[in-house]
Structures are given as structure tokens and as C-alpha cells.
Amino acid sequence: MAVEKITMPQLGESVTEGTISTWLVKEGEHVNKYDPIAEVMTDKVNAEVPSSFTGTIKELVANEGDTIAVGELICYMETESDAGAAESSETVDKEPEKETEATEQDQSMKKRYSPAVLRMAQENNIDLELVDGTGRGGRITRKDIEKIITSGEIPKPSASSVQEEKQPTKVETPTQPVQPKPAKPLPQSQAGDVEIPVTGVRKAIADNMVRSKTEIPHAWMTVEVDVTDLVSYRNQIKNDFKQKEGFNLTFFAFFVKAVAQGLKEFPQLNSMWAGDKIIQKKDINLSIAVAKDQELFVPVIKNADDLSIKGIARDINDLAQKARTGKLTADDMQGGTFTVNNTGSFGSVQSMGVINHPQAAILQVESIVKKPVVIDGMFAARDMVNLCLSLDHRVLDGLVCGQFLKRVKEILENINESTTNVY
Amino acid sequence: MPVMSYIQAVTSALKEEMQRDEKVFVLGEDVGKKGGVFRATDGLYDEFGEYRALDTPLAESAIAGVGIGAAMYGMRPVAEMQFADFIMPAVNQIISEAARIRYRSNNDWNCPITIRAPYGGGVHGALYHSQSVEAVFANQPGLKIVMPSTPYDAKGLLKAAIRDNDPVLFFEHKRAYRLLKGEVPEDDYVLPIGKADVKREGSDITIITYGLCVHFALQAAEKLAEEGIDAHILDLRTVYPLDQEAIIEAAKKTGKVLLITEDNKEGSIISEVAAIISEHCLFDLDAPIQRLAGPDVPAMPYAPTMEKYFMMNPDKVEKAMRELAEF
């Protein structure tokens, strides 16, 4: 015994359904093969449905009046032998089994980029090496890139996302050279040598310095400034100031103030290289280098041009304090547009600073040294200081830098009790 | 809005146009007293009489030729080929005369004929009752070929075809006649010939197709939506000349394009669609343009297994869509 299905037959070329008008058999009734079992009405023809088997009607699934699609079940029959099964109209279609998908680790398509993916990656400066693909074989799909763009999380190589590089590096210029591979093997340490692993801030400093030195064509310039009047003025008020304000009035504050003033007049130095353009920054935010043990931080005095000498002195004091106690925040280090470096504090009299990428210049303020200087044909003992400027020669030329240094020199040489108020 | 089957929409378009304009008449084999073998012209003979619902001899070249002559003299004939497969004897009339006359006469003459024909397989119709013939006509400037996929489109486009001042071939899928039902306005409306229509908005893959395959694609899209695959479906509606703007827009939308026809693959309508996309969309493409079509064998076979192998169906469409989505 076997149970067979009887389905709505195809009753004409455009007929896709039929309505059972009358059942000609009852449940439990015996029918022979080709006996009519139902009358069916379509909008083209009226026809009888013949039985496909000899056997007993088991269940009438469709009711009279029901409209049934061609191929849908109308009733079940119990047949006398299994042989009927062979005639079943329900030939199960043996679709080839879906080939087993390649293993999930398959990355064979990872580097096959479609035109759309390449174009979008180029337009948005996306490094495709850093993108995970969700397509077959690890292929990066257009949707993957669209997702990255809408989320705004464009992957960057980890080397450039270091602490001191918080400024927005808008354009990864194609001129950025690949890290030069050492031609010679790296030095090997020998017995008794100390090996210091390069990690953390040390590594960040190393990466930044390599980047600055390889990417930025540096040029240098030095002026000598007579700060005799400044020194006597500052020495005259420093004790009083310390007592009143609770922090030191350093020489450095005067220099920072003079630089901020100079940058206001020569904004070309307060700018950044951005690949196909130079961005001249409106705010004057001065980075100052603060050393601590093995670390070097470059916190920022924001809007230095708005501040008095006292205000600058306080900011320097606060930032240095924070650096020494490890309390600098990312915010303290962001947004610098020009760097002033107090190399004089180490006793240096001349140095060539490495520009703090992506800024366009850095000014080193060296030690103030008493020197014999000829004035009006006579020797005089004067307080002299060297200001050493490093400039990004893509952005700046000698002329404007010379004018800037001349102006800063002029400001500093004119600082004295009668011209300047630290408040 | 009443729900109509595809063929009822065709009949109501014919009837309304004949009521609107007495120059409109139908001619063809058994279209008069019998009302057509598919009943497309049912009732027209009774309402408009034997001179506007003309039974013709079994001679397709004459059906087309008489219609073309009448059209050139200002009538608006709607000629019926009983099956698209039988249009072949009329090809010379259609291409050499109807398609050319406006150009040949420098605009002195034109030929506002509509030629209707049921096409397509999946109905156990075998060779002479299953073919798709649109590609035969799809490089003949002067002709327009319309292949609607829904009752709504069928009515609006058939009215547009009848009112068009140049010859229009109007192919109706015979399996759609009673399979597809949809809401159709009872009042007069016309849809533009030459404009494709977005049948489903989606963002993962783009399907471009026409005729009954639109229905298969929509069914497959509903299933795939449950798996998170979101298909965009463009119905060409007019397969010649093609709506290039809509094709380019749809292809650019997802960059993954699947083109479907139940016609033989090589030289089909979708081959031209693929060419348009590759000309205009290179930098938006995320996958090779895929064509899903019938095999390059002469005609639809009769044996059910072989017919199934040849004929397009929702399973084949779903499989191709999923593969493209996963690429």
C-alpha cells in the first residue's frame, strides 16, 4: 500500500489554476486508473480530472468551489501496490547539490579588486590592505567600502596613529616614502651591552622623527639676538612675580610671546603642508617640547597670541607640571600649529630642530650667553641668544623666514621695563 | 480599484480604445466570433461587430500586411498573431514596410499599427507555442517593442501602443495571462513607452529583466530578503529602444548586476543591456555582469524535464541572485 497525491493537472496552455466544480468521488471510494474523479472549471475550459492510479480515495483535500493552482494537491489516494509510486507525477527534481562552499579561511579573492572598490578606495584614501572583505574568498565588496565610508572609520596603518600625531593628517601624500630598508644588517649586541626594547613613547618618537625627516625637506636659519634689556627687566621683577603669582616668570615665556606676535604678522609660518595645498592656520597654537626622563612630550599653548606674558608663563608652568606628573591629556597635545623648543635649558647654543609633522617650522631658543659685542666701536658685555629656525622648504622660503626672524629679534630687543608689561 | 488578471487588462485596454476611437479595430485568427484562443478579444465582436473584430485567414503576412496598409491610410489596427512563434511569415511586412515607411517617405507616411502576440514558455506548449521572438526585431529602428510584466502595465502600455503613431510590437506572456493578477484602474490611463520601471528598491544586487521573469525575480527577492539580501529590480517594460538612463542608474545603484531573460542567451535583449552597462558603469561595477537566460538551443522542448531545464523559474533566479550577492 502506498499513499499517492493527485494534483491539479495542466488544462490548457495559459491555464494556471482551476476551480473544483464537483467531486465525482467520495472518500473511501474505489476508483480505477483514468476514471474521472472531479470536474474542474477554468476560464478556458471545463474538464474532468482523471485518476492517475487505481486505488481508494483517502482524503479530499480541496473542497468544491476551491480554486487550486496547477500542480497543487487536490486529494490523496491509497494505491494497491508500490508500483504506482513509479508513476507519481511528483517527480522530485534532482537539483545538483549545492557545492560545498570553500572554507571560510579562503582568502583567494582578497586582492582581486573590482573597479568600484578601487575607485572608492582611491577617492577616500582607504588602504585596501587594511580592509577585511566579506565577499566570496575574502573579496572586498563595494558594500564593505561603503560601510567604512559611512561609518567614517577609515583604517590607518598603526605606525602613524601615535601619541604625538594627534593633529588631523588629512592627506596621506603619495610622496611619503616607504620606510627605507636597511641595506646592511642591523647591529648585533655583544656581551655586556644593554638592550632597550623600543616601545611606547620611544617608538612613537622614532616613527615621528623618521617621518618628519624623510617627508619634510628641512632648511635652517639662525639669528643672534641681544636680550640684555630683557634679562635685566626679567631679573628685576622675577622675585616679586613669583611671590604674587606662585609660579616662575621664565625667559621662555617672553620668547613664546614674541614668537606668537611674529606669527600673527607672518602667518605663512603658521601653516601646514597638505599634499596639493598649503593650509594656513587661523589659530596660533604653540607646541612646546617638555622632556621627562626617557620621554618627550609636545603639549600645546592654545591661542598664544591672546595671552599676556604672564598667561603664557602660567600655561608653560601648568603643562610642564602635568607632563612631569603624567597628567597630560590628548587634548593638551592637540592642535599645535608651530613649535617653540627651549633647547637653551640644556645649555645648547646652536641646534637644528626636527620639524613637528605636519607643522611647517620649529624655532629653537638657545642659551642666553654673556658675550663681548661691539657697539658703536666699543666692546660691551651683552646677553646674547641664538634663535635657530628649521623650516619646511615645501611651504616656506628663506625670504619670509628671514623677515619673521628679524621681526622676532626686533620685538625681543625692545623688551624692557618701559615698553613691556608682563600682565 | 478592481483586481484583474493580465488578460483581462489586455481585453479592457482593447475595449476602451475601441470605444474611444472608432478607427481602432482588431484583426487576427479567431479574434472575432470566438474572442481569441486565449479570450483576449472576448466580447469585442459582440460590442463592435464583424467589421471591427475581423477574423482573418491563417496567413500572418496578410494579417500584418492588411494592418499596415490600413494604418498607413489612417486607421489604428491592432493585429493579433495567435502565437508569437507564428510571426515569422510576417517579418518581412513588419521590418521592411512598417518599420521603414516613415523614414523611407521622409515623414510623408507613417504606420500606427499595434501587433499583439502571446510569447513565452512554461506551459507545455513545445516548439511552436513557447518561443520568445523579441530579439529578432530588436535592432530595427522604426519599431518599438513593449513587453509588460503586470496587468497594470499591460493596460496602460497597450493603450499607449494603440495611440502611438508608429508601429509597436506588443508581446504578452501567455503564462502571465491567468497567473498574474493585480489592481488595475477602471478609468483611462496611459503609461509611457520607452520607460523602464523600478519594481523593487534594494541595495545589494540589481536585477534587470522584463516580462514574466520580473515576476520570478520578485518572488525570489522576497525569499532572499529573509536572508538579508536586498534586491533592486528594474523592469525594462520596453525592450526596444531601451531606457538607457534607467539601466545605468539601476546598475550603478549596487554595482552587482544580474540580467534575466527566458530567451536564448546569445544575442538576446539582455546582451544589449550588458553592453550599455559596460559602456557607462565600469567604475561602479563590483562584479562581472551576469546573464541568466535560456540555453542556446533552437526552441523550448516538449518533454517536461527538458522544458524545465530550458525554462526560467524562481529557483533558477534565486540561485543566481544568491550567488551574485555572495560574490
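Two residues are in contact if their C-beta atoms, placed from the backbone, lie within 7 Å. By that rule, the contact between the chains takes 21 residues from chain B and 19 residues from chain A. On the side of chain B that touches chain A, helix H8 (residues 176-179) gives the most, with three residues; a helix here is a DSSP run of H or I of at least four residues, a strand is a run of E of at least two, and both are numbered from the N terminus. Sorted by class, this side of chain B has nine nonpolar, four polar and eight charged residues. In that sorting, Ala, Val, Leu, Ile, Met, Phe, Trp, Tyr, Cys and Pro count as nonpolar, Asp, Glu, Lys and Arg as charged, and the others, Gly among them, as polar.

Before I go on, a word on the model. It is a predicted one, in which local features need pLDDT of at least 70 and side-chain atom pairs count only at pLDDT 80 or more, while totals for chains, interfaces and linings use all residues. Residues are numbered from 1 along each chain as its sequence is written, and chains are lettered from A and ligands numbered from 1 in the order in which they are written.

How confident is the predictor? The model scores ipTM 0.83 and pTM 0.59. For single residues we use pLDDT, the predictor's confidence in each residue, from 0 to 100. Chain B has a mean pLDDT of 96, and 100% of its residues reach 70 or more. Chain A averages 84, with 87% of the residues scoring at least 70. Over residues 83-91 of chain A the pLDDT is below 50, and this stretch has ten contacts in the model beyond near neighbours in sequence. Residues 160-178 of chain A also have a pLDDT below 50, with 28 contacts beyond near neighbours.

Let us turn to chain B. Its secondary structure comes to 13 helices and 14 strands. Of its 327 residues, 57% count as buried; a residue is buried if 20 or more other C-beta atoms lie within 10 Å of its own, exposed if 12 or fewer, and partly exposed in between, with C-beta atoms placed from the backbone. Among contacts in chain B with a separation of 6 or more, 80% are between residues 24 or more positions apart.

Why is strand E2 (residues 24-28) of chain B described as largely enclosed by the rest of the structure? The reason is that five of its five residues are buried. Val24(B), Val26(B) and Gly28(B) point one way from the strand, Phe25(B) and Leu27(B) the other way. E2(B) pairs in the parallel sense with strand E4 (residues 76-80) of chain B over five bridges; strands pair if DSSP finds at least two bridges between them. Gly28(B) has Glu80(B) as its bridge partner in E4(B). E2(B) also runs parallel to strand E3 (residues 53-55) of chain B, joined by three bridges, and there Leu27(B) is partnered by Leu54(B).

Next, the cores. A nonpolar core is a set of buried Ala, Val, Leu, Ile, Met, Phe, Trp, Tyr and Cys residues joined through C-beta atoms within 7 Å. The largest has 121 residues, and those with the most contacts inside it include Ile207(B), Leu258(B) and Met321(B). Helix H9 (residues 212-225) of chain B supplies the largest share of this core, nine residues. Apart from it lies another core, of 59 residues, among them Ile216(A) and Leu389(A). In soluble globular proteins, nonpolar side chains tend to be buried together.

Finally, chain A. Eight helices and 19 strands make up its secondary structure, and buried residues are 30% of its 423 residues. Four of its strands form an open sheet in the order E1-E8-E6-E3, with antiparallel pairing. The edge strands, each pairing on one side only, are E1 (2-7) and E3 (30-31) of chain A.

Strand E17 (residues 361-365) of chain A is mostly covered, with five of its five residues buried. It runs parallel to strand E16 (residues 338-341) of chain A, with three bridges, and pairs antiparallel with strand E19 (residues 378-392) of chain A over five bridges. In E19(A), Leu389(A) is the bridge partner of Leu363(A).

One record remains. An unreviewed UniProt entry lists residues 112-149 of chain A as "domain: Peripheral subunit-binding (PSBD)". Over those residues the chain is 45% helix and 0% strand.

Notes
UniProt positions are given in the numbering used here, feature names are shortened, and annotations may be inferred rather than shown by experiment.
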